[in-house]
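Morning, everyone. Please have a look at the structure on the screen, and then I'll walk you through it.

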Amino acid sequence: MLVGREAERRLIEQLVAGARVGAAGVLLVTGEPGIGKTALLDEAATLATGLRLLRARGTEAERDVPFGALHQLLRPALHDLRRIPHPQQAALAAALALSPGESTADRFAVGAATLSLICRYAEEAPVAVIVDDAHLLDRPSAEALLFAARRFLADPIVLLIAARQHESHPLAEADLPSLSLGGVPLEAAQQLVHGLPIDLVARLHRTVAGNPLALLELADSPDELQRLPPGVPMPVPALLADAFAKRANRLSPAARTALLVAAVDDGELGVVVRACKELSVDVAALAEAETATLVAIRDGRVEFRHPLVRSAIYTSADPAERRTVHRAVAGATQDEDRRAWHLSETVLGTDDEVAARLDVAAAHAAGRGAHSVAATAYERAARLTEAPRDRARRLVAAGEAAWSAGLPERADALLDEALALQPPSATKIRAQEIRGDIAVKCGSPAQARDILIAAASECEDEAIATGLLADAVNACYRLCDTVSGLKAAEGIDRLLPAVERPGPRIIGMMASGVAKILAGQGGTDQIRQAIALAPSDELDRDRRRQVWMAIAPLFLRESGTGRALLQQAMLERRDQVALGTLPGLLFVLARDDATTDRWADAATSYDEGIRLARETGQTAELAMNLAGQAWLAAHQGRQECQELAAEALRICTERGLQLGTVWSLFALGDYELGCGDPEAALPQYVRLVDVLASNGLKDPDLSPAPELVEAYLRLGRSGDAESVAREYVVQAQAKGQPWSLARAARVTGVVDESEEDFEKALGWHAETLDVFEQARTRLAYGAWLRRARRRVDARAQLRLAVEAFDELGAAGWADQAASELKATGETARRRVPSTADELTPQERQIALLLADGQSIRAAAARLFLSPKTVEYHLRKVYTKLGIHSRTELAQHLASPSHHPQR
C-alpha cells in the first residue's frame, strides 16, 4: 500500500482519467534515491486498470546499449510496426536491430516512429507508458521518448517518467511537466516503521528527511542510527549505499562474487551462470543475497532491490576483482558488442585488439542511429589505441558521432584532441570539415569560415576541397563577409575544371555564383548553369550540402528558375524524416513564399522552423527563422515583429550572424514605415546601410534603398532621396535581375516623377512573383498620378494596390493605399477578413494538407504529429471556418498558389 502520497496519487488518477477520454498527459517525477518514485509508478500501473501498458526501466549496465530501453518499452507494441509510415518503420526497425541490412537510422526519424507506434498501439485501448530510472536510459532511447512526449496532445496516452533528481539526461533538460517528490510526513513514517520507539522514529525521520527507503533500511539497524550526529540531516544516497555495502560484506565470498557478476552484467541469469562457472563460483550462492533482500531472481533475471544496491556492490569491489569479473562476463555473453564493452573494462593501458572490437561496436551503434553510444565507443576505442594516427582517426569518428547525436560541445572537444595528435592530412581535413559545420550552425560563422578555408588550402582532393570552400561560402553568407566569400568563390572556380563528380560540381557552381552576387560581381549565369545540370544521386545523399539547391535559386528571384528544386528538397526531407535539415530549408522556403502571395504559408514555415530549431538546438537557424518571421510580421503591421526581431538580434550579435541582423533591421524599419512613421523607420534603415557597407555587401536585393527613398521623401529630404535612388539604380543594373530592376525603376519614377519608369517597374514585376513589391509600385504610381491630377488613372492603380495589400494581410499598407484612393474621390472596397485568417500556423498547415487530399495519417507523418493531434486541430479548423467536411475545407481554402505538400 502507498503510504503518505495522497496528493501525488490524486494527480496520477487525474492523468490516467484524462487518457481514458483521449486527453494525453505527461509527468516527470523526480526525487532523490529511495524517495518512492518506483512505488508511485507501481501505484500508477495499478490505477491504470484497463489501459494497455508499456513499461521500461533504465539500468546502469544497459546505458551504452543502443536503444536497449526503447526496445524494452516498445516490445508489446512491435506487432503494429508495419502499420506506421514506411520511412519511420524502416528507421525504427534499424534502430532496434529488427531488420539487419536496413539503411542507417536518423535519430529524429526514430523519435517520429516511436510517436507513431505508441499512437497506433493506443488505437485499440488507452495506453499507459511508464518509465522508471529514466536517468539511466541510454541517450538514444531517452531522445526518442522525449520526441514523442513533446507531441502527445489529443491522444489516449498517459506518460509517467521517474528519474533521480540533479542527474543530467535528455528528459530532465526538457520542458516536461514535472513533480518533485519529497519525503513522507512523520505520520506515514510511523506507519512504515514498526517496533521502534516513537522518539527514535522521529529522529530517524528528521535524519533522512522522510525518505521511505532510508527509513526502512536504517530502522533495521538502530545501533547505526544511534551513531549518527543528532539533529543533522544526512545525505541519504551515501547512507543507503553504505548500508547496502555493509549488508553485502556479511555474505560469503562466493555470494559476493556472484553478486558482483550480476552487478557487472545487466542481470541476465544465463550470462551470470556462465560467468560464475568461469570464475569457479557456484551461482547458487546468490540465494544468500536473496535472503538478505539485496536481489530477487525471477523470470530468468537477477534484479537488484534498488539501483543503489548495484552501484554499492560494484564500487565497493576491489578494482582488480572488477576487471576479473568483466573478463568472465565478456566470455559468457553471446553479444559481440557487449563483449567489446566488457573487455574494454579489463584493459590497463592500451590494447589494439579490444580497440578494434569497440570500433565495430561503434559502427553498429551509428548504423542504428544511436550516435551518442557510437561516440562513447569510438572515444573509448581511441583511449585504448597505441598509435597516435589511429587514435586520432577514432577520436574524429567519435567527434562526428557526437555531432550527429546533437552534442556539439562534446564533438568539438573530441575533434580538438584529435587535431592535437598531428594526424595525417585526410584525418585532419575531415576533423576540420566537421568543426566547420558545428561552428556555422551552433557557434561562430567567423570561426567556421577560417577553419574551412584553411582546410581547403591543405586538401589535395579537388572535389573535397570544393565542398569545403562551398561550406566556407555558406559561412560567409551568414556573416555577410563578401571579401572572404569572393576569395572562396575564386578558389572554387580554379578547382572546378578538375572536379568530375556531379555532386561537388553542382554545389561548387551554386556557391560560387552566390558569393559573386553578394559581392556585386555577377554570378547569376553560374547559378542557372548549375540548376540546369541533371540531378545528382550523390548530392541527394549529402543532406548537409543539399541546402544549396534551395538557397541558390532565391538569388535569382525569377518566377520559374529553380523553384521546383526547393519544393522537391522540402518534400524529400519530410518523407525521410530528416528533421535536422528542416529548420534551414524551412527558412529558405518561407523566404521564397514571402516574396509571392503565399504569406500565410510563409508564416507557417517560419513558425515550424522556429519550433524545430529550438528542439534540435540549431541556434543559427533559430535566429534566421525569427528574423524572417519578424520581416513578415512587419509587413503585416503586427507588433510582435519587434519582439521577434529583438530575440533574433540578440542571437545574431552573440554569434556574429550579420545576415540575421540585416533581416531584423529590415523588419524594424519596414514595420515603422508601414505604420506611417518614416521618422522612426529612418534610423533602422541607416543602421542597415552601415552594416551592408561595412561588410562590402553589394547585392541590391539586400539594400533598403527604395525604402530609404520613400522615408526621405516623406520627411522632405528630396536631395538625400535622389542620391540614394541613383546609387541603387547602378547596383540593380549591374545585377540585371527583374526583382531589383523593378524596385530601381520604381524609385526612379518616384524621384523623377517619371511615368515611363513606373511602367517599366510594372513590366519587371511581371517577371517575378512578388505581389507585395508590385503593390508598393502601384501605390507609388497611383499617388503620383493623383498628385498629377489624373484621378481616373490613379484609381486604377490604387484599387489594385488596396486589393493586393488586403489579400496579403498588409493592413498598414492597405490603409495607406485606401487613403490615397479616397483622396481621388473613391472609397476603397476593403476585403472582409476571412475566418481562415484566424487559423494558427499549425492549423493552417494541417488544413492545407487535408484539403489537398492527404489522409490524417499522411498529414501526421509529414508534420511529425500523432493522428489524434491532427484530428484535434482539424476540429478547431472546422469550428473556426464554420464547416463540417473535407470538401468544404478544400473549397474554402481553394487557391492556385498554395503548396500543401510542404
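One definition before we start: helices (H or I, at least four residues) and strands (E, at least two) are DSSP runs, numbered from the N terminus. Two notes on method. Residues are numbered from 1 along each chain as its sequence is written, and side-chain values use heavy atoms, with hydrogens and water left out. This is a predicted model, where local features need pLDDT of at least 70, side-chain atom pairs count only at pLDDT 80 or more, and totals for chains, interfaces and linings use all residues.

Let's begin with a single residue. Thr524 sits in helix α27, which covers residues 524–532. Is Thr524 buried or exposed? Its relative accessibility is 10%, so Thr524 counts as buried. The cut-offs: buried means under 20% relative accessible area, exposed over 50%, and partly exposed in between, with a 1.4 Å probe and protein chains only. What does Thr524 touch, leaving aside neighbours within four places in sequence? The contacts are Ile517, Leu556, Lys735 and Gln737. Contact here means heavy atoms within 4.5 Å.

Keep Lys735 in mind. Lys735 forms a salt bridge with Asp701, and the closest N and O atoms are 2.7 Å apart. A salt bridge is a side-chain nitrogen of Lys or Arg within 4 Å of a carboxyl oxygen of Asp or Glu. This pair links distant parts of the chain, 34 residues apart. Lys735 belongs to helix α38 (residues 718–735), while Asp701 is in the loop between α36 (678–694) and α37 (705–714). Both partners are covered. Lys735 is buried at 12% relative accessible area, and Asp701 is buried at 5%. Elsewhere, salt bridges that share partners join Glu707, Glu710, Arg714, Arg743, Arg746, Glu773 and Arg776 into one network.

How many salt bridges does the structure hold? There are 68.

Here is another. The side chains of Arg151 and Glu615 meet at 2.7 Å, N to O, in a salt bridge. Arg151 is in the loop between α6 (139–149) and β4 (157–164), and Glu615 is in helix α32 (residues 599–616), so the pair ties together parts that are 464 residues apart in sequence. Arg151 counts as buried at 9% relative accessibility. Glu615 is partly exposed, at 24%.

Arg57 forms a salt bridge with Asp132, with closest N and O atoms 3.9 Å apart. Arg57 is in strand β2 (residues 52–57) and Asp132 in strand β3 (residues 127–132), 75 residues apart. Arg57 is partly exposed at 32% relative accessibility, whereas Asp132 is buried at 4%.

Now the whole protein. Its secondary structure comes to 47 helices and seven strands. The radius of gyration is 32 Å, close to the 29 Å that the globule rule gives for 902 residues, so the protein is as compact as a globular protein of that length. That radius is taken over C-alpha atoms, and the globule rule is 2.2 Å times the number of residues to the power 0.38. The C-alpha trace spans about 105 × 65 × 55 Å along its principal axes. Of the 902 residues, 59% count as buried. Among contacts with a separation of 6 or more, 68% are between residues 24 or more positions apart.

That's it from me. Thanks.
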